[in-house]
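User: I would like to go through this model with you. Could you put it on screen first?

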Amino acid sequence: PVGLADAMMQRGREFVGFALTIRNDSAELSVQSNTYEEDFNSVTPENDMKWEVTEPQRNVFNFNGSDKIVQFATSRGYEIHCHNLVWHSQLPPWIAAGNFSNATLISIMENHIKNLAGRYADVCTRWDVVNEALNEDGTYRSSPWFNTIGEAFLPIAFKFAAQYSPKSKLYYNDYNLEYNGNKTVGAKRIVDLIKSYGVRIDGVGLQAHLTTEPTPSSGGGVTPSQDTLETVLKGFTKKGVSVVYTELDERLVVPATKAKLEIQKQTFKTVAASCLAVKGCVGITLWGVSDKYSWIPGVFAGEGAALVWDENFQKKPAYYGMLEGI
Ligand code: XIL
């Protein structure tokens, strides 16, 4: 049988990946390392490259976890979609507490990108340079970066990323871009903004934390139609950037019933098919492999079953739906 990444490569695209946290779970490891059916050829570090982990104190760097991720990936010949350089969340307290001036904060950003992106310049195929800069209405989110530097923090971050990791493709990454609403418009504005500074941006990551049915956390939203998804993807590729589904999962109100898992199968197929329908969609990353370790239940109470392997590491209908979509 052909696996997910195999199928994707056969269709001329680049990768299927998963968010990697290294645990001592042999069942999980056997899915993550799957070579027989070749489901994967890329990983995204789930947490190990985030700021609070890599620079917990100013100019004190910790690359223990990220080095292990790199070792895991390179020893298996996987690409690394590196995640992330500049974000408002999972920041160490010293950043928010510091009340830094504009110039100091820019130098802090440069030092972080120089050390982190510079260290992995040969292994990061893509970087999520800026993560989640937007509110739902398309305006900029309040963050130490935006509040001090203004929107220029985006092109500045991309400029440093290009300088210290010249071979990596540079991405803007956000969630809820899939619905073609105001936030999608905001992300297109960001692509234009970065280019207007004469700075390189190569892609937009659509996190795709979706729901297969209306849930308490979804505000009534469900996985958009294939038509809407294609419209969104093309809206970005028309600007000359690639697109990736960077953190795909599709949660539902648990317990998962047979009927719900059937709907989930169809929606995974829809998402995969939308990528294949748009030339500039180069790959898909799942935000984990098994429902056992997904971040969803910890953040959205009463919701879960969002991935394509179940808690016992068995392939769900969604796995086969995704494969059909590719
Ligand atoms: C999540 C991780 O999966 C969790 O383990 C962690 O506790 C919080 O962050 N958008 C992102 C990811 O860009 O970094 C987040 O990952 C999920 C939402």
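User: What kind of model is it?

Analyst: It is a predicted model, in which local features need pLDDT of at least 70 and side-chain atom pairs count only at pLDDT 80 or more, while totals for chains, interfaces and linings use all residues. Residues are numbered from 1 along each chain as its sequence is written.

User: How many helices and strands are there in the protein chain?

Analyst: The protein chain has 13 helices and 10 strands, taken as DSSP runs (H or I, at least four residues, for helices; E, at least two, for strands) and numbered from the N terminus.

User: And how much of the chain is buried?

Analyst: Of its 326 residues, 48% count as buried, that is, with 20 or more other C-beta atoms within 10 Å of their own, C-beta atoms being placed from the backbone.

User: Which residues of strand β3 are buried, and what does β3 pair with?

Analyst: Strand β3 (residues 79–86) has eight of its eight residues buried. β3 pairs in the parallel sense with β2 (residues 42–45) over two bridges, and five bridges join β3 to β4 (residues 124–131), also parallel; pairing requires at least two DSSP bridges. Ile-80 of β3 stands opposite Val-43 and opposite Cys-124 in β4.

User: Changing topic: which residues surround the ligand?

Analyst: Glu-46, Asn-47, Asn-131, Gln-207, Glu-247 and Trp-295 surround the ligand, each with its backbone-placed C-beta atom within 6 Å of it.

Definitions and conventions
A residue is buried if 20 or more other C-beta atoms lie within 10 Å of its own, exposed if 12 or fewer, and partly exposed in between; C-beta atoms are placed from the backbone.
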